[in-house]
Every structure is written in C-alpha cells, then in structure tokens.
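Trainee: Please take me through one part of this model in close detail. I want to know what holds it to its surroundings.

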Amino acid sequence: VDLDAPVPSLRQIPVLQRQYERIRSVLDGNRAEIDARNAKFVNAELITWSNWFAQVEKSPLTEEQARAAIVMEDRNLLIAAAGSGKTSTIVAKAAYALAKGYCQPNELLVLTFNKRIREEISERLRNRLSAVGLPTEVAVETFNAFGFQQVKRLNRNSRLAPWADTQAKEIAHLSALTNALV
C-alpha cells in the first residue's frame, strides 16, 4: 500500500457517492426510503406472525389490528370505535413486543381511561400471555392512577383534591364548573 498516494475524493468512488447521497437525503428529511423499508418490514412480519395473531386472542386479529400491534413508535395511541377490537389490539401488541424481545414486562405500561377497562385488560393480558408462555407482569393503570402515583413518588405529602376522591364528587364538581362557565 502506497501511503503517499493521493486519497480519491468521494465523487471518484461511485458506490460511496450513492451511499453518501442516500444518507444525506434521509438526514435532509426525505423519509421515502425509510417508509419503504418500514412497510416492507411490517408486511414481512404480518406473514411471519400470521398464526400468532390468529391465536393470541380469542378471535383472530384483523390485518389492521395486526399492523397496529407490529408498528412500534416511541408512543402509541390507539383510537377506535366501541367494540372494534382496541383491547385485543393492545393485548396483541404487548404480547408481540414481549415475544420479539423488544422489551421486558416491567418496561411496558398500558394506560386506560377507567378502572373497568384496566381490570379487563389486566386479566386478558395475564390469561393470554401465560397461555403462550410469556411473563405476565405488565403494568396496566388508569391515566389518573398513574398520574397520582407519579405525583406521590415526587412529593410524599400530595393527596387528591377533596372533590376528586370519589367519582361522584368529581362529576359533581366538574358539572358545577361547567354550569358556571355556561
């Protein structure tokens, strides 16, 4: 190797130039290649895990539900009509994430709007995860309980406002506030 030989510029090496341009394009905000790769990945996972998604809940997941279970973003918000399979999708997403090794049970948090759904999801997660041999210790909380836990963790003297210690008092207080504003 001649160490004194001139180093070729990037433009003189076409393969490196193409790779550089692809990287530069992504860094400049062009997501087309990333989106294409992500779509290819999700489609492959739909095929690979089709039997899993057909059995993880009592009823097979639809393709849309399976896609929602596969796609992992920093935050995931599932919005759908009543009876459309949100709980099944949430259970499948948690099970898929654990089965793939994306996380441990103590790294998952499922947030719900009310206690009844929290209890339903907790029970279904326990039943479905244990049925497929996965750990079942996934945290399921209501938004309010989780928020209160965090406030308590940061400030031991915190407590609920007097009007918020029962749902009836909370509804009465919010109704009074609403009436005062109208």
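Mentor: Start with Arg 67 and Glu 63. Both lie in helix H4, 4 residues apart, about one turn of the helix. Helices here are DSSP runs (H or I, at least four residues), numbered from the N terminus. The model is predicted: local features need pLDDT of at least 70, side-chain atom pairs need pLDDT 80 or more, and totals for chains, interfaces and linings use all residues. Numbering runs from 1 along each chain as its sequence is written, and side-chain values use heavy atoms, with hydrogens and water left out.

Arg 67 forms a salt bridge with Glu 63. Their closest N and O atoms are 3.0 Å apart. The term needs a side-chain nitrogen of Lys or Arg within 4 Å of a carboxyl oxygen of Asp or Glu. Arg 67 is partly exposed, at 30% relative accessibility. For that scale, buried is under 20% relative accessible area, exposed is over 50%, and partly exposed is in between (1.4 Å probe, protein chains only).

Now look at what H4 packs against. Helix H4 (residues 63-70) packs with helix H2 (residues 32-48). The angle is about 115° and the axes are 10 Å apart. Each axis is a line fitted to C-alpha atoms over the stretch in contact, and angles run from 0 to 180 degrees between N-to-C directions. The crossing of H2 and H4 is right-handed. In that case the near helix is turned clockwise from the far one by less than a right angle.

Contact means heavy atoms within 4.5 Å. These residues divide into 5 nonpolar, 1 polar and 3 charged. Ala, Val, Leu, Ile, Met, Phe, Trp, Tyr, Cys and Pro count as nonpolar, Asp, Glu, Lys and Arg as charged, and the others, Gly among them, as polar.

Glu 45 forms a salt bridge with Lys 100, with the closest N and O atoms 3.0 Å apart. Lys 100 lies in helix H5 (residues 86-100) and Glu 45 in H2, so the pair ties together parts that are 55 residues apart in sequence. Glu 45 is buried, at 7% relative accessible area. Lys 100 is partly exposed, at 30%.

There are 11 salt bridges by this rule. Another is Glu 119 with Arg 118, at 3.8 Å between the closest N and O atoms. Glu 119 is partly exposed at 45%, and Arg 118 is partly exposed at 23%. Some pairs join up: Glu 57, Arg 116, Glu 120, Arg 124 and Arg 128 form a network of salt bridges.

The largest nonpolar core has 27 residues. Such a core is a set of buried Ala, Val, Leu, Ile, Met, Phe, Trp, Tyr and Cys residues joined through side-chain atoms within 4.5 Å. H2, helix H3 (50-55), H4, H5 and helix H6 (115-131) each give two or more residues to the core. H5 gives the largest share, 7 residues. Trp 52 is among the residues with the most contacts inside the core. Beyond its neighbours within four places in sequence, Trp 52 touches Ala 95, Tyr 96, Ala 99, Val 132 and Leu 134.
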